[in-house]
Protein chains: 2
Amino acid sequence: MKDLFYQYIQTLQNQITEALEKVDGSATFREDSWKRKEGGGGHSRVIENGAIIEKGGVNISAVHGPLPESMQAYFKVEKVDFFACGLSLVIHPKNPMAPTVHANWRYFEMYDASGNCIDQWFGGGLDLTPYYLFEEDAQHFHLLCKKACDKHHPNFYQEFKDKCDAYFHNAHREEARGIGGLFFDYLKANEEYSIQDRFDFTTEVGNSFIEAYIPILEKRKSMKYTPEQRTWQEIRRGRYVEFNLIHDKGTLFGLKTNGRIESILMSLPPSVQWHYNHQPEEGSEESKLIDVLKKPKAWV
Amino acid sequence: MKDLFYQYIQTLQNQITEALEKVDGSATFREDSWKRKEGGGGHSRVIENGAIIEKGGVNISAVHGPLPESMQAYFKVEKVDFFACGLSLVIHPKNPMAPTVHANWRYFEMYDASGNCIDQWFGGGLDLTPYYLFEEDAQHFHLLCKKACDKHHPNFYQEFKDKCDAYFHNAHREEARGIGGLFFDYLKANEEYSIQDRFDFTTEVGNSFIEAYIPILEKRKSMKYTPEQRTWQEIRRGRYVEFNLIHDKGTLFGLKTNGRIESILMSLPPSVQWHYNHQPEEGSEESKLIDVLKKPKAWV
């Protein structure tokens, strides 16, 4: 299963970077391969200063070895060995009308002292962070999420959409990071589903990414915007940084398992502002976004 | 003691904001007062878009009530009431040749169920974060730190300088946040020192701030700089954000005790950049700074 999923994310990395380069038309991804001292490594592909994409990364990694002590409590296990592989991506477009997107699909195994696999599961999802709210974009993105889910179980979309809203929540600001999408974790084999079923679902969601995001980026990438709208984008990117550094378990996992810092923090936006006590004008487009972030909506 | 120290930080807030406004010559601090639902509140003074100071805050607060559950484990206590007051400041100058400065002086009390004070201590310090290294500035800053310490104990400077280097450390980057200064905490009454002695020391350090920082700001505020040097400053400010959001216990304490978000996060720099895998050129001024951050120096 680990080989199968690793091959899958390799192929998906190629497909996604190719699709994004085509939209950008100017910059290309450069690849940095890295090794992890304790076992494994990764291939980070990063794009910067494109015509459309200001900064983005589409990274795959596969790491293994003893589970770090700091992570044992987190997973509620004793000393075990682990294997984890996944694809993580974050795309920050230059145009404030185009949303930032994040996605991740991962597979995890744990082993006892004799090397027997004692646990295995899939996790992942995708979520959208607009700076200006276009309802049709939110609907399109969620519709693609729902379509992927509905092929596997009629309740999956609602369940994983709710998990996404709960997870990507900037608790200290009492607002969502963005308009959500899907988030699922610990998808294990059980009486209803085999681990192959979990693989099929996770890859179904992975395969829906390009169609979920690229048309939105195409539609927004050349829209006109003002310097004030750009400033608003940079202020909102500050909230993105706050979430990733204060709350995100993926970032924490990377830092605690001695992952490659530059690959973990490639998710941070290229240029960001923090103004003291910034409040959008009532009734403005900016405040319309905040309203939706304060109270997640049903999009489909 | 709590009234005495609160009066002290009120006066110090006036002195420091006055001194900074004089250097800036253009912008002034605006004050926001806030109340905390569970007890207490604060007075935040913030300056933005000055001629010299791009963003800065000099805040005082005094909060009290039941110690939040999430903080009980941190202080290794059961259910207790607490009182905490302090002054916190961060100044981000516009000119990349001028260093960012942070300082904090605080006093803490804890009470049993009958309201008897069962513990009390002082904490605080000041530290400097340059973007370009001027050795004479680092020496001046540390000399003022040492002078304040030496009046109280010949070992204090070395002890609290080392604590500062240890505390303001971006572990995930394996580098210091800046060139240090002083950091002390849990200064309690003991056989050698009364709580009044601890007050005298903490206020001695507080009183040295203006002389430690203002002459440096004066000296650097009008130096010429290039757009590339400004970019470097913004990239380094990203490390400042990383420290404050990932590692800083003060930020954590504020977020966990339901402090005012905008007052806690006023420490974040106004404009910040994250480039993927940025490395300064070997032998450059930028790499000279990194060398010192990788290996803290004895400045006096």
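Predicted model: local features only at pLDDT ≥ 70, side-chain atom pairs only at ≥ 80, totals over all residues.

Colleague: Is B:Asn277 buried, exposed or partly exposed?

Modeller: Partly exposed, because B:Asn277 has 15 C-beta neighbours inside 10 Å. The band for that class lies between 12 and 20.

Colleague: And what is the phi of B:Asn277?

Modeller: Positive, about 50°, although B:Asn277 is not a glycine. B:Glu174 is another non-glycine with a positive phi, about 55°.

Colleague: Where is B:Glu174 found?

Modeller: In the loop between β7 (169-170) and β8 (175-176) of chain B. B:Glu174 counts as exposed because it has 10 other C-beta atoms within 10 Å, and the cut-off is 12 or fewer.

Colleague: Switching to the core. Which residues touch the most other members of the largest nonpolar core?

Modeller: A:Cys145 and B:Cys145. That core holds 147 residues. Strand β4 (residues 81-93) of chain B gives the largest share, eight residues.

Colleague: What does B:Cys145 touch?

Modeller: Leaving out residues up to four places away in sequence, B:Cys145 touches B:Leu126, B:Tyr157, B:Lys161, B:Gly181, B:Leu182 and B:Ala212.

Colleague: B:Tyr157 and B:Lys161 are in that list. Which helices do they and B:Cys145 bring into contact?

Modeller: B:Cys145 is on α3(B), and B:Tyr157 and B:Lys161 are on α4(B). Helix α3 (residues 135-150) of chain B packs against helix α4 (residues 156-167) of chain B at an angle of about 130°, with the axes 8 Å apart. That angle is why α3(B) counts as oblique to α4(B).

Colleague: Is that crossing of α3(B) and α4(B) left-handed or right-handed?

Modeller: The crossing of α3(B) and α4(B) is right-handed. On the α3(B) side, B:Cys145, B:Lys146, B:Cys149 and B:Asp150 make the contact. On the α4(B) side, B:Phe156, B:Tyr157, B:Phe160 and B:Lys161 do.

Colleague: How many residues of each class does the contact of α3(B) with α4(B) have?

Modeller: Five nonpolar, three charged and no polar.

Colleague: Now chain A. At what angle do helix α3 and helix α4 of chain A cross?

Modeller: Roughly 130°, and their axes come within 8 Å. Here α3 covers residues 135-150 and α4 covers residues 156-167. The angle makes α3(A) oblique to α4(A). The crossing of α3(A) past α4(A) is right-handed.

Colleague: Which residues make that contact in chain A?

Modeller: From α3(A), A:Cys145, A:Lys146, A:Cys149 and A:Asp150. From α4(A), A:Phe156, A:Tyr157, A:Phe160 and A:Lys161. By class, the contact of α3(A) with α4(A) has five nonpolar, three charged and no polar residues.

Colleague: And between the chains? How many residues does each one put into the contact?

Modeller: Chain B gives 23 residues, and chain A gives 23 residues. On the chain B side, β2 (40-48), α6 (227-247), α8 (261-264) and β10 (271-273) each supply at least two residues.

Colleague: Last one. Where is B:Leu4?

Modeller: B:Leu4 is in helix α1 (residues 2-24) of chain B. With 11 C-beta neighbours inside 10 Å, B:Leu4 counts as exposed. The C-alpha atoms of B:Leu4 and B:Phe199 are separated by 9.1 Å, although the two are 195 residues apart along the chain.

Notes:
Residues numbered from 1 in each chain as written. Chains lettered and ligands numbered in written order. Core = buried A, V, L, I, M, F, W, Y, C linked by C-beta atoms within 7 Å. Helix = DSSP H or I, 4+ residues; strand = E, 2+ residues; numbered from the N terminus. Contact = placed C-beta atoms within 7 Å. Axes fitted to C-alpha atoms, helices over the stretch in contact; angles between N-to-C directions. Parallel < 35°, antiparallel > 145°, perpendicular 65-115°, else oblique. Left-handed = near helix turned anticlockwise from the far one by under 90°. Nonpolar A, V, L, I, M, F, W, Y, C, P; charged D, E, K, R; others polar.
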